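Student: Could we go through this model together? I would like to begin with the strand pairing and then turn to individual residues.

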Amino acid sequence: SNLSFKLSFSYIEAGDFNDIPAGVISASGPLTAPDLNAPNRTWKGGIRYSNWLYQGSFAELTGRYVDDYFFNGPFPHNRGVVPTFFVLDLDAEIPLEFFYLVDTRFGINLRNILNNEHVEMPGTAELSFLGSAYVAVRF
């Protein structure tokens, strides 16, 4: 078994894009520097534990922190501030050893395990906890 970590940080300012080409147009008209549709700061990180049950199994916990930002969507209901949010996700997968002829795996995906209700684009539904399971067969 092994343990791995990942961490990333992104930072951007509207002033970094002062020289937008004149021909670039969005649905609401010509773009200007504040039309980034992205947060100034985003943190992402995670920890992955591999081969914990069988060779090929893993469990991974990842997190994402996003600063609030203004989103200028193509329609009036898609324009506004996206509030700051933080989410944690958990993924796990194990090989199913009783199928020897094909590579079969069982996995789960748990999104937003803290149930931090948030929006990621104005005018869309609030996102909360979402869980799914799958069986994958690779030939």
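Student: In which sense do strand 1 and strand 4 pair, and over how many bridges?
Tutor: This is a predicted model, and in it strand 1 pairs with strand 4 (residues 41-50) in the antiparallel sense, over ten bridges.

Student: Which residue of strand 4 stands opposite Phe-5?
Tutor: That is Ile-47.

Student: What is the strand order of the open sheet?
Tutor: The open sheet has six strands in the order 1-4-5-8-9-10, with antiparallel pairing. Its edges are formed by strand 1 (2-11) and strand 10 (130-138), each of which pairs on one side only. On average, neighbouring strands of this sheet are turned by 10 degrees against each other, direction ignored.

Student: What holds strands together in general?
Tutor: Strands of a sheet pair through backbone hydrogen bonds, in either a parallel or an antiparallel arrangement.

Student: Let us move to Glu-93. Where does Glu-93 lie?
Tutor: Glu-93 belongs to strand 8 (residues 85-95).

Student: Is Glu-93 buried or exposed, and why?
Tutor: Glu-93 counts as buried because its relative accessible area is 8%, and the limit for buried is under 20%.

Student: Which side chain makes a polar contact with that of Glu-93?
Tutor: The side chain of Arg-105 does, at 3.4 Å. Leaving aside neighbours within four places in sequence, Glu-93 is also in contact with other residues, including Gly-56, Ser-57, Phe-58, Tyr-134 and Arg-138.

Student: And what separates the C-alpha atoms of Glu-93 and Ala-133?
Tutor: They are separated by 9.5 Å, while the two residues are 40 places apart along the chain.

Student: Now Asp-67. Where is Asp-67 found?
Tutor: Asp-67 sits in the loop between strand 5 (58-66) and strand 6 (69-72).

Student: Is this loop residue, Asp-67, buried or exposed?
Tutor: Asp-67 is buried, because its relative accessibility is 7%.

Student: Changing topic: which residues make up the largest nonpolar core?
Tutor: The core has six residues, namely Val-66, Tyr-69, Phe-71, Val-82, Phe-85 and Val-87. Strand 6 and strand 8 each supply at least two residues of this core.

Student: What is the general background to such a grouping?
Tutor: In soluble globular proteins, nonpolar side chains tend to be buried together.

Student: What does Phe-71 touch, residues up to four places away in sequence aside?
Tutor: Phe-71 touches Asn-37, Asn-78, Arg-79, Gly-80, Val-82, Met-121 and Pro-122.

Student: Finally, the backbone. What is phi at Asn-112?
Tutor: Asn-112 has a positive phi of about 60 degrees, although it is not a glycine. By way of background, most residues other than glycine have a negative phi.

Student: What about phi of Asn-115?
Tutor: Phi of Asn-115 is near 55 degrees, which is again a positive value in a residue other than glycine.

Student: Where are Asn-112 and Asn-115 placed?
Tutor: Asn-112 is in the loop between strand 9 (103-111) and strand 10, and Asn-115 is found in the loop between strand 9 and strand 10 as well.

Student: How accessible are Asn-112 and Asn-115?
Tutor: Asn-112 is buried, with a relative accessible area of 3%, whereas Asn-115 is partly exposed, at 39%.

Conventions: Residues are numbered from 1 along each chain as its sequence is written. This is a predicted model: local features need pLDDT of at least 70, side-chain atom pairs count only at pLDDT 80 or more; totals for chains, interfaces and linings use all residues. Side-chain values use heavy atoms; hydrogens and water are left out. Helices (H or I, at least four residues) and strands (E, at least two) are DSSP runs, numbered from the N terminus. Buried means under 20% relative accessible area, exposed over 50%, partly exposed in between (1.4 Å probe, protein chains only). Contact means heavy atoms within 4.5 Å. A polar contact is a pair of N or O atoms within 3.5 Å; within protein, one must be able to donate a hydrogen and the other to accept it, and residues adjacent in sequence count only if both atoms are side-chain atoms. Two strands pair if DSSP finds at least two bridges between them. Axes are lines fitted to C-alpha atoms, for helices over the stretch in contact, and angles run from 0 to 180 degrees between N-to-C directions. A nonpolar core is a set of buried Ala, Val, Leu, Ile, Met, Phe, Trp, Tyr and Cys residues joined through side-chain atoms within 4.5 Å.
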